[in-house]
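Please consult the sequence and the model alongside the text.

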Amino acid sequence: MTFCLLLLSTVALTAAVPVPRALTRAVWPEREPVVALWVWQCLVATVLLCCLTALALGAAAVFGTVRAQLFAPAPAAVTAAYDLSSAPAWAAVLTLLLACGAAWTTAMLGRELAEARRRRGQARAHLRERAPDLPAGLPSARGPLLVLEDEYPDAWWMPGNPAQLIVTTGALHRLTGHQLDAVLTHERGHARARHDWLLHLSTALATGFPRIPLFAHFCDQTHRLVELAADDTASRRCGHLTTALALIELNQHRGVLSCASTHRLLGERVDRLLEPPPRLDRHHRALTTTLAALVPLLPLLITFAPGLTALT
């Protein structure tokens, strides 16, 4: 059991500190943002699974009631292989820390979801107030597409039930038909991939554990990569140049092309669309996703290794 806890801690620390720092310096995520999002999710899943399985083993070693319930269906040889009766003192401390971490993570996730629901409610109430100003033929704020009278060009997607695409009359006047199609395709890409859930998860983890590099980088990179992935969705349908021009027209009043702009990501997205980086070939993409999918299995293999050895 001691060996399993130490190995799980080593895997969790490796996935939480050096790996995310190396991944943020890599160039390939800009070429394949969808694959990069998958890799980040696998890293986070690995750390969470390591903590969860270490919590289960530690609780089984410290508390006899938990051990009896957890190993009730297992043969006596499997229980003996874990050597739960000789748990060191530090296992109790580790179990307590992991239990507090699990409770704190759950609280942060609940807080983020409640805050997101509150923000959506406020936004929908604001839309209902502006609904009387809609052009003729759009009498209410219900439906997949909502047009708001506003001189500033803007478009966004509001998750919920039902989800809505919102575009201002300023965007309709400034953008051409193809550019508007690119903008709406971009927002539909967010909706189809359910990027809002990924953003909520990354924000909650970064808020709850700001000093852990994995969660801080996961939040920053998720906000960046979901935009790159949606840009790719739009560019595949409408073309790179059309999507870049739509992005410029939609954000010109925000200083997208200014070097002093706080919206630096917008400039990076425009440069990326105007000069698309070479993409990974199909075999490299499949290999990367397969390796990333196998990483979260490490905590489970480590945990079940003594039991499997005892059975054989």
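**Briefing on the predicted model**

Arg269 is buried, its relative accessible area being 7% (buried means under 20% relative accessible area, exposed over 50%, partly exposed in between, with a 1.4 Å probe and protein chains only). The model is predicted, so local features need pLDDT of at least 70 and side-chain atom pairs count only at pLDDT 80 or more, whereas totals for chains, interfaces and linings use all residues. Residues are numbered from 1 along each chain as its sequence is written, and side-chain values use heavy atoms, with hydrogens and water left out.

**Confidence**

- The average pLDDT of the protein is 85, and 90% of the residues score at least 70; pLDDT is the predictor's confidence in each residue, from 0 to 100.
- Over residues 137-142 the pLDDT stays under 50, and the model has nine contacts beyond four places in sequence for this stretch (contact means heavy atoms within 4.5 Å).
- Where pLDDT is low, the predicted coordinates should not be read in detail.

- Arg269 belongs to helix α13 (residues 264-274); helices (H or I, at least four residues) and strands (E, at least two) are DSSP runs, numbered from the N terminus.
- Not counting residues up to four places away in sequence, Arg269 touches His186, Glu227, Leu228, Asp231 and Leu247.
- Tyr82 lies in helix α6 (residues 76-82) and counts as buried at 4% relative accessibility.
- Between Tyr82 and Phe3 the C-alpha to C-alpha distance is 9.4 Å, although they are 79 residues apart in sequence.

- An open sheet is formed by three strands in the order β1-β3-β2, with mixed pairing; two strands pair if DSSP finds at least two bridges between them.
- Strands β1 (145-148) and β2 (155-158) stand at the edges with a single partner strand each, so one side of each has no neighbour in the sheet.
- From one strand to the next, the twist averages 25°; axes are lines fitted to C-alpha atoms, for helices over the stretch in contact, and angles run from 0 to 180 degrees between N-to-C directions.
- Four bridges join β1 to strand β3 (residues 164-168) in the parallel sense, and Leu148 stands opposite Thr168 in β3.
- Helix α9 (residues 177-193) lies across β1, β2 and β3 and runs at about 25° to β2.

**Nonpolar cores**

- The largest nonpolar core has 24 residues, and Trp28, Trp40, Leu214 and Phe215 have the most contacts inside it. A nonpolar core is a set of buried Ala, Val, Leu, Ile, Met, Phe, Trp, Tyr and Cys residues joined through side-chain atoms within 4.5 Å.
- At least two residues of this core come from each of α1 (2-16), α4 (33-62), α10 (195-208) and α11 (213-238), and α4 gives the largest share, nine residues.
- Another core, of 18 residues, lies apart from it and includes Ala60, Val78, Leu98 and Ile302.

**Record annotations**

- An unreviewed UniProt entry annotates "domain: Peptidase M48" over residues 146-197; UniProt positions are given in the numbering used here, feature names are shortened, and annotations may be inferred rather than shown by experiment.
- The span 146-197 is 50% helix and 23% strand, with its end C-alpha atoms 22 Å apart.
- UniProt (unreviewed entry) also places the feature "transmembrane region" at residues 38-61, 90-110 and 286-308.
- Residues 38-61 are 100% helix and 0% strand, with end C-alpha atoms 34 Å apart.
- Residues 90-110 are 100% helix and 0% strand, with end C-alpha atoms 30 Å apart.
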